[in-house]
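Subject: Structure handover

Hello,

Here is the structure I am passing on to you. My notes follow below it.

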Amino acid sequence: MVNEIRPFKISVPDSAIAALQDKLAAATFPDEVDFSDDWNYGASLRDVKRLASYWKDGFDWRAQEAKLNTLPHYMTNISIEGFGSLDIHFIHQKSSKPDSIPLLFCHGWPGSFLEAVKILPLLTDANDGPSFHVVAPSLPNFGFSEGPLQKEFGIPQYAECAHKIMMRLGYDTYADIRVVTQGGDWGFFITRMIGVLYPEHCLASHINFLFVKPSIPRGLWLGFQHALQWLSDRDKAGISRTRWYIRESSGYMVLQSTKPSTLGFAITDSPVALLSWIYEKLHDWTDEYPWTDDEVLTWISIYQFSTAGPAASLRIYYEAAHASREKSIKGIEYVPRVPLGISYYPKELIALPKAWGWSSGPVIFEAVHEQGGHFAAFECPEQFATDLKNMFGSGGGAQEVARKFESHL
């Protein structure tokens, strides 16, 4: 049946693995120069060569696939208004405690459902504070989900898809019981849009990425504080990190927001192009996280073997940048009806002053960390999960949400 939820196992065809190895065997690399391994210029030639060689001859995708398949994967068909139906992949890890809180985890780019795997056992643990039933989908155009064939599939459509997954799973049983959301990167924009479009279904949101539309008064006030040295050390470091990102690490966003198809040819045809394009972000956007080669290549293989192809994942940038105000991230300035929790990490890409979080919604929980970057759930899963448990625990600001679920056991 179209609306059924069916178990899913990741099973990349042997032919796709063989094709990858053939392309890696035929890869060519730039000539070596004095600065080939200077990360200020981009991905290191030495590291990319090492990873490409290991991807071809040593990396065991089947072992990683088997490990991922120990998780509860599912597939369901979701109808998106104006775009037809798409097969959507998701992980649904339930807690042993029936009245646990349904949590929707939304990834971004260049992430995937893989970002959630380390926090699943921590959040579903019913012996340590509030527990959660975690749903981590592959967004349309990502991972093992299908992608739309039409253009203008933007943030509202991603939000509609995520919302309908939760409804399909039955988390709309009671009139006053819905779900909570968690998002970083594009997951921030998608989950905030869920709060805009479906506030009656979204009881609370937690974010680990904050985007606030700049305003003249806010900018002037920040400049005034900076001039008078009123900013905290954390705020100063955040401003420095944000300036670095804008000046030195945001070129990908300009390209993906304007000509995603051109870049798409490169990362679809060349696994080395895909490897270098994403690995640069894994290296630069984390807080000195000690990536293993297996972690890097599993992460990138999910893009290489994705159902819609790696080029499809870039399109969210173009659609968001070219959408009308009502349908874009520009329309998400303050979500009034959804309580908000924010976790701040020092190596986030846009590290705004803590006070700015109140421009995004009614803040009920905040946590400031001394370590962590853009992929916080993967980099520091314990503190990430602890924040969510604290937010919904006693005195965390959202404990009333947890009580609502318990009252309907």
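How many bridges join strand β6 (residues 179–183) to β7, and in which sense do the two strands run? Five bridges join β6 to β7, and the strands run parallel. Strands count as paired if DSSP finds at least two bridges between them. Helices (H or I, at least four residues) and strands (E, at least two) are DSSP runs, numbered from the N terminus.

Some background: this is a predicted model, in which local features need pLDDT of at least 70 and side-chain atom pairs count only at pLDDT 80 or more, while totals for chains, interfaces and linings use all residues. Residues are numbered from 1 along each chain as its sequence is written, and side-chain values use heavy atoms, with hydrogens and water left out.

Around β7

In the pairing of β6 with β7, Val180 stands opposite Ala204. On β7, Ser205 stands opposite Leu340 of strand β8 (residues 340–344); these two strands also pair in the parallel sense, over three bridges. Six of the six residues of β7 (residues 202–207) are buried, so the strand is largely enclosed by the rest of the structure. Buried means under 20% relative accessible area (1.4 Å probe, protein chains only). Together, β6, helix α6 (residues 186–197) and β7 form a right-handed β-α-β unit, meaning that, with the strands pointing away from the viewer, the path from the first strand over the helix to the second runs clockwise.

Core

Cavities

There are three cavities of 30 Å³ or more. A cavity is a set of points on a 1 Å grid over the protein atoms alone where a 1.4 Å probe fits but cannot get out; lining residues have an atom within 4 Å of a point. Points are joined across faces, edges and corners, and a volume is the space filled by probe spheres set on them. The largest cavity holds about 110 Å³. Of its 17 lining residues, Glu115, Gly184, Asp185, Asn208 and His374 are the closest to its centre. The elements giving two or more residues to this lining are β4 (101–106) and α14 (376–379).

Regards

Methods:
Buried means under 20% relative accessible area, exposed over 50%, partly exposed in between (1.4 Å probe, protein chains only). On a 1 Å grid over the protein atoms alone, a cavity is a set of points where a 1.4 Å probe fits but cannot get out, and a pocket is an open set with protein on both sides within 12 Å along at least five of seven lines; lining residues have an atom within 4 Å of a point.
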